[in-house]
Amino acid sequence: MMMNLLTDNAFATLLGLGETKLDVEIFASAMAAAAIVQGSLLMFTPNLSRKMWGNKDDSIYTRAHTEFIGASVLSMGVTCFCLFVLKLEEMHKTVGWTLIVWAVENSLALLKQYPTKAGGDPTLQVLWLFLMLESIRACFVSADYTYTQMLLLAAYSLNALNCVVAAVKPRISANMYGYSKVRLNKDQLNTLRGFGYEGIAMSVFLLSLLNNVDKRTALGLTSMVITAHCAHALVGKAFNSTYGNFGSLLFYLWMIAHASCAANLLASKEVGYFMGGVIGVVTIMKLPFLFVEYPEIAEEDFFKKYSWWWKEAHMGI
């Protein structure tokens with residue numbers, strides 16, 4: 001019955017399970033535009049974005065990492081724009097444009113003295129900036145293809161490891177950047193986890209492209225990571241400080257968009273059914289509360305009192 005439901009309605013089309021298929025080139029271009037808009041808002045208007053997503057923490061630490069999340073999202077949008085809209089063939093130059101986004105963000109963060117003001121150490125961030133600048137030089141100037149390729153693979157592999165630590169063990173990541181004496185609250189840790197997830201997605205995308213994986217497959221794999229981020233943010237124990245109704249709705253819609261992107265670009269029914277299952281589980285666990293107008297919706301006590309699946313939703317998912 002579940003199979004019939006998925007294959008006989010518009011939802012099935014979104015997940016690549018129906019007879020009608022989405023134009024993946026147009027879909028990818030639309031996702032690129034959405035990522036550029038969202039990334040720009042996060043990167044250049046962090047306070048507005050923070051409030052929009054429901055994060056109540058207004059510290060410099062949260063502002064800085066909101067900008068870093070924006071840089072990750074914007075860099076993926078720029079990469080998609082180069083690949084699916086401009087149809088650029090030179091992969092190193094495409095990656096170079098992506099790196100410029102990160103170089104700008106790191107430079108601005110250092111000029112604003114974010115690490116120092118937030119109680120951290122800017123040393124690692126300075127080293128990242130030098131690595132980015134050298135990578136940009138290699139992408140646009142160097143005639144040595146092998147050197148550029150190895151440099152980019154090393155840089156994004158290091159970034160992937162860095163972001164895995166941020167997503168899984170945010171306190172360890174914070175300590176690495178000199179915040180060992182700073183007592184981070186839940187919102188700050190959640191922002192760092194979000195940065196980790198988006199950084200992993202960016203690294204998966206760029207490493208796949210650098211290893212000659214088809215651009216559609218690379219974007220599909222990236223969307224699976226972002227779908228996991230959205231699902232975890234909505235129902236996971238680690239993210240149990242709520243994002244509020246509007247923020248949760250944004251996560252939910254973004255999850256559906258990326259689940260659809262993954263299923264259609266990977267052109268796999270197995271992925272489509274899996275993404276449908278993820279959406280179904282998250283919907284059962286979270287959606288009934290998105291439109292309930294209770295002022296205590298953001299409070300844990302509300303869920304404990306009214307939701308029989310509260311414990312199920314927070315058992316370390």
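On a 1 Å grid over the protein atoms alone, a pocket is an open set of points with protein on both sides within 12 Å along at least five of seven lines, a cavity is a set where a 1.4 Å probe fits but cannot get out, and lining residues have an atom within 4 Å of a point. The model is predicted: local features need pLDDT of at least 70, side-chain atom pairs count only at pLDDT 80 or more, and totals for chains, interfaces and linings use all residues. Residues are numbered from 1 along each chain as its sequence is written, and side-chain values use heavy atoms, without hydrogens and water.

**Exercise 1.** Describe the lining of the second largest pocket.

Step 1. The lining has 14 residues, and L83, L88, E89, M91 and L209 lie nearest the centre of this pocket.

Step 2. Two or more lining residues come from each of α6 (91–111), α9 (145–168) and α11 (186–210); such helices are DSSP runs (H or I, at least four residues), numbered from the N terminus.

**Exercise 2.** Describe the lining of the largest cavity.

Step 1. This lining has 27 residues, with W102, W128, N162, Y177 and F195 nearest the centre of the cavity.

Step 2. Helix α8 (123–140) gives the largest share, five residues.

**Exercise 3.** Is W97 buried, partly exposed or exposed?

Step 1. W97 is located in helix α6.

Step 2. Buried means under 20% relative accessible area, exposed over 50%, and partly exposed in between (1.4 Å probe, protein chains only).

Step 3. W97 has a relative accessible area of 43%, and is therefore partly exposed.
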